[in-house]
Amino acid sequence: MNCRLDMSWWDEKPLAAMNQEEWEALCDGCGKCCLLKLEDEDTGEIYTSDVRCSLLDGDTCRCTDYPNRQAKVPDCIKLTPDKVTEIPWIPKSCAYRRLAEGRGLAWWHPLVSGDPETVHKAGVSVRSRTVAEADANTEDWESHIADWPHWEPAD
């Protein structure tokens, strides 16, 4: 007997083979990649802060000018299949990272749940947890280091 589970396109297709529409659909809308990163000058260690990019809407967790983000924020990183596996600060919960690691999409991902709110209800997104870049205390960046962006719920 040949038993095959019903698989979705994201389970069948490698990241590098996805078209632009498929690639964009994988974003769960958590906003974690848009949190400013802090680098320890002595050790080179990267820390995620609770300060969001100036273009990230703290309520919707979406970029307010996605098509022009790299022109407006020069250090904005455009994720690619190669970069997903090379950038160490990509959150464990990130759909791109999960697929690259063979873990599949989580239950709370909008493509799985059918509801874009599950990423927020599951506590995965940055909604209501961040400080606008313009309001951040730049005299005390260490106070903005956050551990919660590295958390992900159990599958």
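This is a short tour of a predicted model, stop by stop, with something to select at each one.

**Stop 1: the main core**

Start by selecting Leu 26, Leu 79, Tyr 96 and Leu 99. In the largest nonpolar core, which has 15 residues, these four touch the most other members. Now colour helix H5, residues 95–100: this helix provides the largest share of that core, 3 residues. Nonpolar side chains tend to be buried together in soluble globular proteins.

Stay with Leu 79 for a moment. Which residues does Leu 79 touch, if you skip those up to four places away in sequence? Show Trp 23, Val 84, Ile 87, Ile 90 and Tyr 96. Another core, of 7 residues, lies apart from this one, and Cys 53, Leu 55, Cys 61 and Val 126 are among its members. We'll come back to Cys 61.

**Stop 2: Leu 15**

Next, pick Leu 15, in the loop between helix H1 (9–12) and helix H2. Buried or exposed? Leu 15 counts as buried because its relative accessibility is 10%, and the cut-off for buried is under 20%. Setting aside residues up to four places away in sequence, Leu 15 touches Trp 23, Leu 26, Pro 81, Tyr 96, Leu 99 and Ala 100.

**Stop 3**

Switch to cartoon view and find the 3 strands of the open sheet, which follow the order S1-S2-S3 with mixed pairing. Strand S1 (35–39) and strand S3 are the edges; each has a single partner strand, so one side of each has no neighbour in the sheet. Then look at strand S2, residues 46–52, which runs parallel to S3 and is joined to S3 by 2 bridges. Click on Arg 52 and look across to S3: the residue opposite is Ala 132.

**Stop 4: Thr 130**

The side chains of Thr 130 and Arg 52 are joined by a polar contact of 2.7 Å. Thr 130 counts as buried because its relative accessibility is 16%. Beyond its neighbours within four places in sequence, Thr 130 is in contact with Leu 35, Asp 50, Arg 52, Gly 58 and Trp 148.

**Stop 5**

Most residues other than glycine have a negative phi. Which way does phi go at Cys 61, negative or positive? Positive: the phi of Cys 61 is near 65 degrees. You'll find Cys 61 in the loop between S2 and helix H3 (69–72), and at 4% relative accessibility Cys 61 counts as buried.

Now jump to Ser 128, in the loop between H7 and S3. Phi of Ser 128 is also positive, near 65 degrees. Here, though, the side chain belongs to an exposed residue, because Ser 128 has 67% relative accessibility and the cut-off for exposed is over 50%.

**Stop 6: the largest pocket**

Finish with a surface view of the largest pocket, which holds about 810 Å³ of space. To centre the view, select Cys 33, Cys 34, Arg 69, Cys 76 and Ile 77: of the 32 lining residues, these are the closest to the pocket's centre. Helix H2 (20–25), S1 and H5 each contribute at least two residues to the lining. Which of the elements gives the most to the lining? S1 does, with 3 residues.

Definitions and conventions:
Residues are numbered from 1 along each chain as its sequence is written. This is a predicted model: local features need pLDDT of at least 70, side-chain atom pairs count only at pLDDT 80 or more; totals for chains, interfaces and linings use all residues. Side-chain values use heavy atoms; hydrogens and water are left out. A nonpolar core is a set of buried Ala, Val, Leu, Ile, Met, Phe, Trp, Tyr and Cys residues joined through side-chain atoms within 4.5 Å. Buried means under 20% relative accessible area, exposed over 50%, partly exposed in between (1.4 Å probe, protein chains only). Helices (H or I, at least four residues) and strands (E, at least two) are DSSP runs, numbered from the N terminus. Contact means heavy atoms within 4.5 Å. A polar contact is a pair of N or O atoms within 3.5 Å; within protein, one must be able to donate a hydrogen and the other to accept it, and residues adjacent in sequence count only if both atoms are side-chain atoms. Two strands pair if DSSP finds at least two bridges between them. On a 1 Å grid over the protein atoms alone, a cavity is a set of points where a 1.4 Å probe fits but cannot get out, and a pocket is an open set with protein on both sides within 12 Å along at least five of seven lines; lining residues have an atom within 4 Å of a point. Grid points are joined across faces, edges and corners, and a volume is the space filled by probe spheres set on the points.
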